[in-house]
Amino acid sequence: MRPQRRIFRSVSPVVTSLPLALVLVFAVPSPARALGDWVGVEGNVWRQNQDGSASIDGSVTGTTFDFQNTLDLEKSDSSKMGRVWFKMGKVRLIFDYLDSSREGSKTLTQSFLFNDTPYVATEDVDSSLDLKLMQAQVRFTLADLKVVDVGVGIGLNQAQINMVMDGSISGRTTLDEKVPYPTLAAAVTIKPFPGFHIRAEASGLKVNISGTRVNVLDARLQIEAYVAHVLGFFAGYRTYRLDVDDQNFGSVENTFKGPYAGIGLKF
């Protein structure tokens, strides 16, 4: 097996304090930014479907294979998502995390070459695909009105792609790559009445850096309701598409989409 390569070199106090926060909120009429507008934590479960393909090169060009049709990887996954944000005046710092994994097992009906290892038709292959996504964004408020907020931002992201093939004949081969990429972002929040928001946001970019072409789009639409200004419940729909074509290891195309739901706290 060849050495793993990287595209770039990278770059409960809450539980105990919540009752007190609720008492303070109900006891004192809070101004718009007295409580719940400086720090936020959100946790979600994203029930997403995945489609995609890959061609993983070694010393020779790999063969394109489909994640579902070729390997029978699980179509759906309940992925963990998380967000932490900090607001300082008209600037908001946002940190997002995604962890998605799926497995498959199939007797191959076609042969393909993965990272210099041939996997042949009639061979039994166990496979897995893991994606960890870490995102950091600086968002600037353009308009902060009573019923609507508008913001734009820039982001730095890293996708970690890990694939494993374990064949009954060809043995085990892995790919582990970290793909950093920048994004531009925009967000609109509609506030029809206090405590209820409709939020739409998107980030993405098509860029070529040092022989690595990345085309990414990440968009979500979210409805959220906050109780006593600090405890929120929300649900939404997210689409994340990542296409990577790198001269060192090949190409990966992935699209994840589906509904999600979660809870949040803000202070």
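**Strands, salt bridges and a nonpolar patch**

The chain is built from one helix and 13 strands, where helices (H or I, at least four residues) and strands (E, at least two) are DSSP runs numbered from the N terminus. Read from the N terminus, the order is α-β-β-β-β-β-β-β-β-β-β-β-β-β. This is a predicted model, so local features need pLDDT of at least 70 and side-chain atom pairs count only at pLDDT 80 or more, while totals for chains, interfaces and linings use all residues. Residues are numbered from 1 along each chain as its sequence is written, and side-chain values use heavy atoms, with hydrogens and water left out.

On the whole-chain level, 45% of the 267 residues count as buried; buried means under 20% relative accessible area, exposed means over 50%, and partly exposed is in between (1.4 Å probe, protein chains only). Accessible areas come from the Shrake-Rupley method with a 1.4 Å probe, and for residues only the protein chains shown count as cover.

Now for the strand pairing. Two strands pair if DSSP finds at least two bridges between them. Strand β9 (residues 171–193) runs antiparallel to strand β10 (residues 196–209), with eight bridges between them, and here L184 sits opposite G204 of β10. Two residues separate the strands in this hairpin, and G195 takes a positive phi near 85°. On its other pairing, β10 goes with strand β11 (residues 212–227), again in the antiparallel sense, over 14 bridges. A202 faces A219 of β11 in that pair. The hairpin of β10 and β11 also has two residues between its strands, and S210 in the turn shows a positive phi of about 50°.

Salt bridges come next, 14 of them in the structure; each is a side-chain nitrogen of Lys or Arg within 4 Å of a carboxyl oxygen of Asp or Glu. D96 pairs with R83, and their closest N and O atoms are 2.8 Å apart. K191 is buried, with a relative accessible area of 16%, whereas D144 is partly exposed at 29%. Through shared partners, salt bridges join R83, D96, R139, E201 and R220 into one network.

The surface also carries a nonpolar patch, formed by F140, L142, V152, I154 and L184, with about 460 Å² of accessible area together. β7 (124–144) and β8 (148–167) are the elements that give two or more residues to this patch. Patches are made of residues with over 30% relative accessible area and no salt bridge, with like charges joined within 9 Å and nonpolar side chains (Val, Leu, Ile, Met, Phe, Trp, Tyr) within 5 Å. I154 lies in strand β8 and is partly exposed, with a relative accessible area of 48%.
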